[in-house]
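Okay, thanks for coming, everyone. I'd like to talk about aromatic rings today, so let me put the model up.

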Amino acid sequence: MSEGRREAQAGTLESADILITVALTEPGAGLQIDLVSPTMKQYGAMIRQVIEKVLTANGIADAMVHANDKGALDYTIEARMQTAIDRAVGKG
Amino acid sequence: MINAAGREIPEIIKGITKVTPYAGPFAICPQGRMVGPKIRAGKPGSEKLLKSLEQAIDASGLRDGMTISFHHHFRNGDYVLNQVVEAIARKGIRGLTLAPSSLNDVNDAIIPHIEAGVITAIETSGGRGKLGRLMTLGKLSKPTIIRSHGGRARAIECGDLHIDVAFLGAPCCDRYGNMNGVEGRSACGSLGYAMVDAAYADTVVAITDNLVPHPVHPISIPQTQVDFVVVVDSIGDPAGIASGALRISRNPRELLMAEYATGVIEHSEYFRQGISLQLGSGGASLSAAKFIQEKMLARGITGSFGVGGITNPFVEMLEQGLFETMFDTQDFDLPSIQSLRNNPRHVEMSASYYANPHSAGPIVNNLDVVILSATEVDVDFNVNVITDSNGIIMGASGGHSDTAAGAKLAIVVAPLLRGRLPMVLDRVDTIVTPGETVDVIITERGIAVNPRRTDLIESLKGSRLPVLHIQDLQRMAVELAGKPEPLPAGDEVVALIEYRDGSIIDVVRKPK
């Protein structure tokens, strides 16, 4: 991972999309998720769960995630997260 | 108490004399007589033309605690309401009730005067932007009363809403107060909402930027109802009053919903010679005009009348002879204003003729079909067009409940999801139009027919339209988006949703 890029972005600010920035941080720093969403009250917790799930599935325990949501569905959030991670670790 | 729409309505509400719970769309049998306008004696040689708004405010006798009204025909280009409230504030008058036919974003400018106590109550069709938020936060001395266009006409004519002074923007006016809305640089078209205010307010002040020699022709509001005339530099911004010709949508989702709506109409018994129709100005509704036009031409039928909220697609159909007559309370684009001016079959009507349920019969009673948009719908077919998903007031009642109650086929169009939020719910946040007056709900993923309308369900069989149960649509929305966390219920009542008959169909509570 060390030779890959440490920070990357995926997504857009179009309606029903989400713009995600993933920055890999030092081991032990933990996960920090910074979420902005028009549906924070209704779906904030669910969106965080999806973001955490994708990080965990990729074996990432230390990262800072900025997510600017525009009403994306879970599939979209997962796909944008995966792409952002792939880019951050240099797979993209 | 729980009303007939299943909503909890407090028996006592601060600042409201009598709370009548909604009991059904035609449950109330009104008694008595309409109120009469104040008697005045305008003598020969009397001068109505005053030098300034300040002079007009003095002459009108406006005092603390009175009710003032305005029309919203200038939409987001309106300069009248803000100017007048500003002038009233300068005079130090306070505690007024503001009762315009509706409010637009441009009117956010009056917020400082609400905070300063110049205006302490609002009765109108709804609210948007910062004003909507202010109403929702309960910053007024009593809950905002939200009425439909027909309900407002009813309230004025029966005396529930007494207007002390009406300040009416007049795009074309003479010095004795005759006016119309079709001439002048601030032309807005129909003055339909203003007609009711002019006929019933104790004092009527015409405000114009286009004073013409007496007499104005044609006359929409007559000199017999107008006490004073004031000339100001400008009453509106033409770019905000009317757009260029409204075109049909290019949004594929709206087009699909428009196609479904047209399909439902085509397969109903109402698609026949002499059909009457109202279309909203929302994207899907406007687009349906084009599809309906094609189907009418293909089937070789013509309609009797159209109602609006007139837009260019409707004007085209009138000109093609697809409709005999257009009834017009409000114009949304320049071709509609031109048509009202030039085409004798394009008829200006008052909000009362349009929709007052407590008259001998408004034109909505003669409607076959209406297509309406919605913010949210629910499995009982109730419709919300007032509050957003966070419970904030952001829309207006308009003619929604009036036309749904009047029309034989009321079609409501709403996307299944807005962003991530499902729009087909267990229970809408705020009921404006009761489900018993809604016949069909159309989403981009399917159509639901109100189970009361077994006849319609039958007619749509074999139509190849995606007819589903409303519960299926709701399930589909939740499968896509997940179940939203319910918002905590608010407590303080900040607005009343009056049904068109004056009963209370729902209340808006301040979100926690």
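I'll go through the ring pairs, then the charges over rings, then one glycine.

Quick housekeeping: this is a predicted model, so local features need pLDDT of at least 70, side-chain atom pairs count only at pLDDT 80 or more, and totals for chains, interfaces and linings use all residues. Residues are numbered from 1 along each chain as its sequence is written, chains are lettered from A and ligands numbered from 1 in the order in which they are written, and side-chain values use heavy atoms, with hydrogens and water left out.

A pair of aromatic rings is described by the distance of the centres and the angle of the planes. Here, rings of Phe, Tyr and Trp (its six-membered ring) pair if their centres lie within 6.5 Å; planes under 30 degrees apart count as stacked, over 60 as edge-to-face, and the rest as tilted. How many aromatic pairs are there over all chains? The structure holds 5.

One of them is Tyr22(B) with Tyr499(B), edge-to-face, at 5.0 Å centre to centre and 70 degrees between the planes. These two are 477 residues apart: Tyr22(B) is in the segment before strand S1 (49-50) of chain B, and Tyr499(B) is in the loop between strands S25 (493-498) and S26 (504-509). Helices (H or I, at least four residues) and strands (E, at least two) are DSSP runs, numbered from the N terminus.

Buried or exposed, then, for Tyr22(B)? Buried, with a relative accessible area of 1%, and Tyr499(B) is buried too, at 0%. The cut-offs: buried is under 20% relative accessible area, exposed over 50%, partly exposed in between, with a 1.4 Å probe and protein chains only.

Next, Phe327(B) and Tyr353(B): their centres are 5.6 Å apart and the planes sit at 40 degrees, so that pair is tilted. Phe327(B) lies in strand S13 (residues 323-331) of chain B and Tyr353(B) in helix H12 (residues 351-355), so the pair ties together parts 26 residues apart in sequence. Phe327(B) is buried at 13%, while Tyr353(B) is partly exposed at 41%.

Now the charges. A charge sits over a ring if NZ of Lys or CZ of Arg is within 6 Å of the ring centre and within 35 degrees of the ring normal. Lys48(B) lies over the face of Tyr176(B), 4.0 Å from the ring centre. Arg420(B) has its charged end over the ring of Tyr43(A), 4.4 Å from the centre.

Last stop, Gly129(B), in helix H4 (residues 129-136) of chain B. Gly129(B) is partly exposed, at 41% relative accessibility.
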